[in-house]
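Please keep the sequence and the structure in view while reading.

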Amino acid sequence: MSPSFLFSFIFSIHNPRYTALLAVNSFHSITHTRKFSNYNNSNDSTRSDLAHASTMFNDMLHMRPLPPIQRFNKILGQIAKMKHYPTAISLIHRLDLLATRKLKSDFYTLNIAINCFSNLNRVDFGFSLLGKIFKLGYQPDCATFTTLIRGLCLDGKLAQAVRFFDEIVLKGFQPDLITYGTLINGLCKIGNTCAAILLLKHMEQATSCQPGIVQYSTIIDSLCKDKQATDALKMFSDMIGKGITPDVVTYTSLIQGLCNLGQWKEAMRLWSEMTTRNIFPDVQTFSVLVDTLCKEGMAKDAHGVLHLMLQRGVEPNTITYNALMDGYCLVGKIADARKVLKFMKAQGCEPDVFTYSILINGYIKTKRIDEALGLFKDLSCRGLIPNIVTYNTVIGGLCSVGRALDACVLLDEMQTHGQQPDLVTYATLLKCLCEEKRLDEGLLLLKMIEDDGLVPNIVIYTNLIDSMCKARKLDAAKELFLSIQAKGLQPSTYTYNTMINGLCIAGKVNEAKDLIRKMKEHNCLPDGCTYNIIVRGFLQNNEMSGAIQLLQAMGDSGFSADVSTVELVVNLVSTNQLDSPCKEELLKFLGIT
């Protein structure tokens with residue numbers, strides 16, 4: 001079953017109930033998608049709402065008599081919902097400073113503060129407030145404990161979250177669906193799906209709180225991401241058997257998981273089942289199909305899905321358009337990708353940094369560097385901040401056409417704008433400098449890597465060793481090679497081959513042969529390239545007996561001579577410079593007796 005069959009099947013669906021359901025839900029879908037496409041406008045609205053809420057809070061503080069704490073809590077809750085957590089904490093602090101007998105923080109104020117600290121990755125402060133709750137004689141509720149568990153999960157402290165959960169349950173606390181869901185979601189996010197399944201079974205045994213669609217869907221999605229489609233389908237079946245109706249989120253996770261594994265027939269069955277159940281495929285469901293088709297090289301068919309979405313009243317989002325543009329770039333149709341960008345803007349869907357990165361990468365792959373640079377500048381002009389992937393893509397593109405100096409300028413610009421280069425950035429640029437025989441600049445770059453606290457990998461060292469050997473700086477290359485293991489790195493076969501080649505070029509063939517012995521001692525086995533390099537080295541240095549021994553060793557190890565080695569042997573036997581025994585052995589090697 002191919003993805004094209006799935007594509008044709010979805011286009012052939014003519015279910016009247018499905019069509020009616022699409023009409024009913026189209027307004028909801030359009031409204032939901034526009035929330036994202038008008039992101040900048042919503043940001044302006046949020047800032048305005050925050051200013052209004054803060055002004056009201058300040059006005060209330062100056063009222064006499066002071067309003068009750070409940071009115072302050074209402075404003076604090078609104079500010080927290082807007083995710084302006086530092087502002088909410090600052091205002092709570094002002095309340096505490098003005099605390100009187102008639103106005104002081106109550107249980108709900110403290111819960112809001114715990115929520116803010118948890119979302120700011122300062123759950124430790126949240127636990128301090130839990131102590132204050134007990135001290136003031138309040139009893140923590142589900143919201144308090146769930147917020148603290150979510151804070152631990154956000155902070156990556158899953159083991160601590162599980163221990164805290166177990167402790168409060170032992171002390172008589174009855175978790176609700178949100179508490180269980182928070183912990184299950186946290187476990188799934190770190191890939192511990194098995195622990196999440198155990199927690200789900202614990203829920204099933206607790207008659208007071210049975211798992212619902214959210215808990216099952218979270219685990220099904222995690223199983224799909226773990227490529228455990230069979231287990232995900234079994235859980236899906238068990239869920240339906242327990243009377244829990246799947247929703248669009250559940251189906252989307254399963255369809256995506258199956259598409260990623262190439263199980264098109266099963267994905268098609270689920271799509272059909274979903275529509276039969278009157279469950280409306282949303283923008284995420286359609287986006288999964290667009291992405292799948294594009295990854296299979298079927299960008300034109302994916303574009304057809306985009307048109308289908310629009311016909312059915314489902315507005316594509318940035319993710320949908322990005323997937324389609326990436327699909328066109330993968331098959332080299334950059335002009336079509338640009339048309340999608342133009343259409344996207346016309347539909348009121350603003351491109352993001354990933355949109356531009358996709359197109360920039362497409363231009364670079366086709367060696368259209370100047371057009372890629374033009375888009376890169378356009379990105380900055382639109383107020384979008386290039387990320388590390390964007391910078392690495394452009395630097396890689398400049399290096400691919402030998403523009404190392406321009407790449408260095410971009411590296412400086414990158415750091416000026418607060419984007420820290422990673423090892424990929426440095427490795428790409430260093431390789432280019434080495435290829436352009438700019439060894440001194442390469443060594444300066446190595447120092448920059450170390451100064452930035454990064455650990456150079458074996459690829460970086462190998463490129464430098466190769467550059468040193470080509471520059472006839474063999475002693476420096478040997479010194480760097482010997483320092484690798486002292487730094488805790490294990491030279492790769494390619495690293496050994498590079499050093500062996502450098503020794504052979506310098507005429508130090510016996511030293512190169514000795515390095516092969518050391519290579520084996522360090523559990524790094526020679527490959528065909530190793531043998532061919534050293535055989536050619538011995539032949540070029542007129543060490544015929546040694547070359548013949550190595551040719552025999554190469555054959556015994558299951559490797560054969562490459563074109564360059566065979567050509568060198570043929571040229572040698574064609575001359576009269578070899579003695580008879582050596583010539584006979586080489587002819588035997590060529591299969592001429």
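## Backbone and ring contacts

Lys-437 counts as exposed, because its relative accessibility is 75%, and exposed means over 50%. The model described here is predicted. Lys-437 lies in the loop between α24 (423-435) and α25 (439-451). Its phi is near 60 degrees, a positive value in a residue other than glycine.

Lys-83 is found in the loop between α4 and α5 (85-97). With a relative accessibility of 60%, Lys-83 counts as exposed.

Most residues other than glycine have a negative phi, and most peptide bonds are trans. The bond that joins Arg-64 and Pro-65, however, is a cis peptide bond, with omega about 0 degrees. Pro-65 lies in the loop between α3 (39-61) and α4 (69-81).

The report now turns to the aromatic side chains. How many aromatic pairs does the count give? The count comes to 14 aromatic pairs. In one of them, the rings of Phe-376 and Tyr-391 have their centres 5.4 Å apart and their planes at 70 degrees; the pair is therefore edge-to-face, since planes over 60 degrees apart are classed in that way. Phe-376 belongs to helix α21 (residues 369-381) and Tyr-391 to helix α22 (residues 388-400), so that the pair links distant parts of the chain, 15 residues apart.

Another pair is formed by Tyr-531 and Phe-559, whose ring centres are 5.9 Å apart; because their planes are at 35 degrees, this pair is tilted. Tyr-531 lies in helix α30 (residues 528-540), whereas Phe-559 is in the loop between α31 (544-556) and α32 (563-573), so the pair ties together parts that are 28 residues apart in sequence.

The table gives the accessibility of the residues in these pairs.

| Residue | Relative accessibility | Class |
|---|---|---|
| Phe-376 | 5% | buried |
| Tyr-391 | 3% | buried |
| Tyr-531 | 5% | buried |
| Phe-559 | 30% | partly exposed |

Which residues do ring pairs link into a cluster? The cluster consists of Phe-127, Phe-145, Phe-164 and Phe-173. A ring may also meet a charge: the charged end of Arg-122 sits over the ring of Phe-125, at 4.1 Å from the ring centre.

How values were computed:
Residues numbered from 1 in each chain as written. Predicted model: local features only at pLDDT ≥ 70, side-chain atom pairs only at ≥ 80, totals over all residues. Heavy atoms only, no water. Helix = DSSP H or I, 4+ residues; strand = E, 2+ residues; numbered from the N terminus. Buried < 20%, exposed > 50% of the residue type's maximum accessible area, 1.4 Å probe, protein only. Phe/Tyr/Trp six-rings, centres within 6.5 Å; stacked < 30°, edge-to-face > 60°. Lys NZ or Arg CZ within 6 Å of the ring centre and 35° of its normal.
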